[in-house]
Amino acid sequence: MSRAFALVDRAVELLVAAIFAAMCVIGLLQVFNRFVLNASLSWSEEAQIFGHIWIVFLAIPIGYQRGAQIHVDAIRRKFPRGFGAAFDLMVEVLWAAFAVALAYLCYRVSLVAALQESPGLEIPMSYPYYGMVVGGIYLLLIGLRRTYAWCAEHMMRTTP
């Protein structure tokens with residue numbers, strides 16, 4: 001099971017890298033067209049904005065998985081050890097709740113946005129929102145894995 005999760009994690013990281021590379025190429029192409037060919041691309045800025053949305057909402061779970069999220073450890077240290085463990089579990093549950101809300105609400109918005117077409121790329125405006133939905137689902141997957149790992153670690157400590 002952990003091998004499957006590792007493959008999913010690696011695939012998401014490669015997707016983020018591919019989107020970033022595509023954004024760089026599109027930016028260079030736009031600069032070349034504007035200053036060398038004297039003809040701007042009508043779709044390049046929009047493509048980069050949509051790519052940025054996808055990168056941000058896929059990078060949030062990647063950062064969370066690696067423990068790169070901002071947290072205030074000073075609050076946790078003021079309480080006894082047992083409460084600190086409960087506080088950590090509460091943080092994991094809150095991340096999972098945020099992931100569910102993000103995925104659900106962005107999906108609802110994408111249903112409405114599908115009725116509109118982007119002016120430059122001429123694609124449904126729901127496509128950028130799908131990045132938020134996919135990011136929310138991936139964040140939930142990571143949150144559930146971290147919660148399970150937390151429970152497994154703390155259950156092993158309490159059982160003889």
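Predicted model: local features only at pLDDT ≥ 70, side-chain atom pairs only at ≥ 80, totals over all residues.
Biologist: Let's start with helix H1; what is its reach from first C-alpha to last?
Modeller: Helices are DSSP runs (H or I, at least four residues), numbered from the N terminus. H1 covers residues 2-35, which is 34 residues. The expected span is 1.5 Å times one less than the number of residues. For H1 that expectation is 50 Å, and its reach is close to it, at 50 Å.

Biologist: And how far does H4 reach?
Modeller: H4 has 33 residues, with 48 Å expected at 1.5 Å a residue. Its reach from first C-alpha to last is close to that, at 47 Å.

Biologist: Which residues have the most contacts inside the largest nonpolar core?
Modeller: A nonpolar core is a set of buried Ala, Val, Leu, Ile, Met, Phe, Trp, Tyr and Cys residues joined through side-chain atoms within 4.5 Å, where buried means under 20% relative accessible area, exposed over 50% and partly exposed in between (1.4 Å probe, protein chains only). In soluble globular proteins, nonpolar side chains tend to be buried together. The largest core here has 13 residues, and those with the most contacts inside it are Val 12, Val 16, Ile 55, Ile 62, Tyr 64, Tyr 138 and Leu 139.

Biologist: Which helices each supply at least two residues of this core?
Modeller: Among the buried residues of H1 are Val 12 and Val 16, both listed among those with the most contacts in the core. The helices that each supply at least two residues are H1, H2 (44-65), H4 and H5.

Biologist: What does Ile 55 touch, not counting residues up to four places away in sequence?
Modeller: Contact means heavy atoms within 4.5 Å. With that rule, Ile 55 touches Val 16, Ile 19, Phe 20 and Met 23.

Biologist: Which helix gives the most to the lining of the largest pocket?
Modeller: On a 1 Å grid over the protein atoms alone, a pocket is an open set of points where a 1.4 Å probe fits, with protein on both sides within 12 Å along at least five of seven lines; lining residues have an atom within 4 Å of a point. The volume, the space filled by probe spheres set on the points, is about 270 Å³ for the largest pocket. Of its twelve lining residues, the closest to its centre are Gln 69, His 71, Phe 87, Asp 88 and Val 91. Four lining residues come from the top contributor, H4.

Biologist: How far apart are the C-alpha atoms of Val 91 and His 71?
Modeller: Val 91 is in helix H4, and because its relative accessibility is 26%, it counts as partly exposed. Along the chain, Val 91 and His 71 are 20 residues apart, while their C-alpha atoms are separated by 9.5 Å.

Biologist: In the loop between H4 and H5, is Ser 118 buried or exposed?
Modeller: Ser 118 is in contact with Glu 46, Phe 50, Ile 123 and Met 125, leaving aside neighbours within four places in sequence. Because its relative accessibility is 1%, Ser 118 counts as buried.

Definitions and conventions
Residues numbered from 1 in each chain as written. Heavy atoms only, no water.
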